[in-house]
Amino acid sequence: MSENYRQVRDIQPAPSRVRDISQSGHPALKTALAAVSALIILLSGLGYYSVGRLGGKLSSTDLALSDDKLDGEDGAVDILLVGSDSRTDAQGNPLSEDELRRLNAGEADGELNTDTIMVIRVPNDGSRATAVSIPRDTYIHDSTFGNTKINGVYGQYANAKRDELLEDGEKEGKALEEKVAQAGQQGLIDAVADLTGVEVDHYAQVGLLGFVLLTDAVGGVEVCLNEAVDEPMSGAKFPAGRSTLDGAQALAFVRQRHDLPRGDLDRIVRQQVFMASLVNEAISAGTLSNPAKMRELSNAVERSVNVDSGWNIMSLASQMSDLAAGNVTFSTIPVTSVNGVGDYGESIVTVDPQQVRDFMQDLAKEQEEAEQTAEDSADGQDTDAGAASEADALSGTSVTLLNAGDTSGLAGAVGDVLKEKKLTIESIGNATPGIYDSSQIVAPSADDPAAKELAKMLGDLPVTVNESLEPGSLIVVTADDYTGPGADQALDTSEENTVGTPGEDFGAAEVAPEFNAGGTGPRCVN
């Protein structure tokens, strides 16, 4: 596991006791779309939290995550939102027959999948939020269970933990089920962390009921379809153009997977555009100022949401109190194919894990740059003047790059970064073995201004001295400890990183377009 995030589980159930549930059940009848509910809770202004309407009524789970802190150590709070196909509410009470009929969910088969998985990134200043979807069929390698779809990880760890506890003599009951759920949650958290490179700070899980209740609480949500649909497996039957959907209709709208051009990717787009409309509706003054709607939202949250016990959501609500719909954006991790084949012939979505991590890191960098721009503007600083100062310090400097580590192409990747900065690259090559053991800037003197500026540019590298260097010449040494600009580009992104056999539909990774929750109407989709 990467050092960029902490490991949050220590669960090693015996593989021989594990029931593989990743392929069981029909996906169109077991969609888990209620992570939408948690998204609204986190991103909708949260007026009812700020007045303490819910107080301590939220159901919680004891996970080894962050303590109650507002700021993420990496500049943002990263929240894993999960929609499950559970037929119980957040307190573990079975849903009534009437509720199950309304959900059109059918009978549970005793196995739980998490078909909606999103990482919500909220910068520490609370000014915006980005929701990144992970397709349910994304094929990953799990350290305990091997190659598997990511939506089956929760159930695999949960079932293995149940078998382990029962074998140890623990009795069936609420205490056992809580431990089982924690094992599933922690297993999924680690799987997402391994895939994305993101440290998960907090966790929220919602069942099917929450999706319907929250949609009804805001008075329905408007959607738009490019063409009319009539797909009986999901129950989706809607005309082309705009429609306002109640909770049960909305569930059918976002659960449809068949008869869509891109299958699960189009379903994810549906989920995202629906969330965008729901966020827009929930943030609207008509919702936040309506006591009846706020009571319904509060009741929906109480019945359907489960969060980690170390998380005080009211603190985050205060932090995000001024969030506007236009600052809530949606995207999807890059995928290399949607018609790949798994180890047992199952249909999978293939990804290159390194490309996924690069995507998430680029997202973090964009947010950091936006924060810095806002700070500079608030302080009245002239960023152009800063860039001119940097150029002046490095003017006339020639740079030699030496790779002293095991990462092939690292020096060249850093060289590409420096070329973009208009620096003169003298040469790029490998360092003589045994000379350097860490990344550094080698300069003719310790107080060389160009060396100091270059060191800062490359992640605050240390400056060392070689008095034999000509003035105006610097050496950049990259070793295995280098994490500055260019490090990501040097990592191996070949097909060897892909789990499963990719399909032939994409080839190169496809990145879905990003859009926000603002605007005057819903985005039309397939």
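Phe145 counts as buried, at 16% relative accessibility. Buried here means under 20% relative accessible area, exposed over 50%, and partly exposed in between, with a 1.4 Å probe and protein chains only. Keep in mind that this is a predicted model: local features need pLDDT of at least 70, side-chain atom pairs count only at pLDDT 80 or more, and totals for chains, interfaces and linings use all residues. Residues are numbered from 1 along each chain as its sequence is written, and side-chain values use heavy atoms, leaving out hydrogens and water.

Now the rings. Rings of Phe, Tyr and Trp (its six-membered ring) pair if their centres lie within 6.5 Å; planes under 30 degrees apart are stacked, over 60 edge-to-face, the rest tilted. That rule gives three aromatic pairs. Take Phe145 and Tyr157: centres 4.6 Å apart, planes at 85°, so edge-to-face. This pair links distant parts of the chain, 12 residues apart. Phe145 is in the loop between β5 (139–142) and β6 (146–149), and Tyr157 is in helix α4 (residues 153–167). Helices (H or I, at least four residues) and strands (E, at least two) are DSSP runs, numbered from the N terminus. Tyr157 is at 0% relative accessibility, so buried.

Next pair. Phe238 and Phe253 are edge-to-face too, at 6.1 Å centre to centre and 65° between the planes. Phe238 sits in strand β10 (residues 236–238), Phe253 in helix α7 (residues 247–255), 15 residues apart. Both Phe238 and Phe253 are buried.

Last, a charge. Arg270 lies over the face of Phe253, 4.9 Å from the ring centre. The cut-offs: NZ of Lys or CZ of Arg within 6 Å of the ring centre and within 35 degrees of the ring normal.
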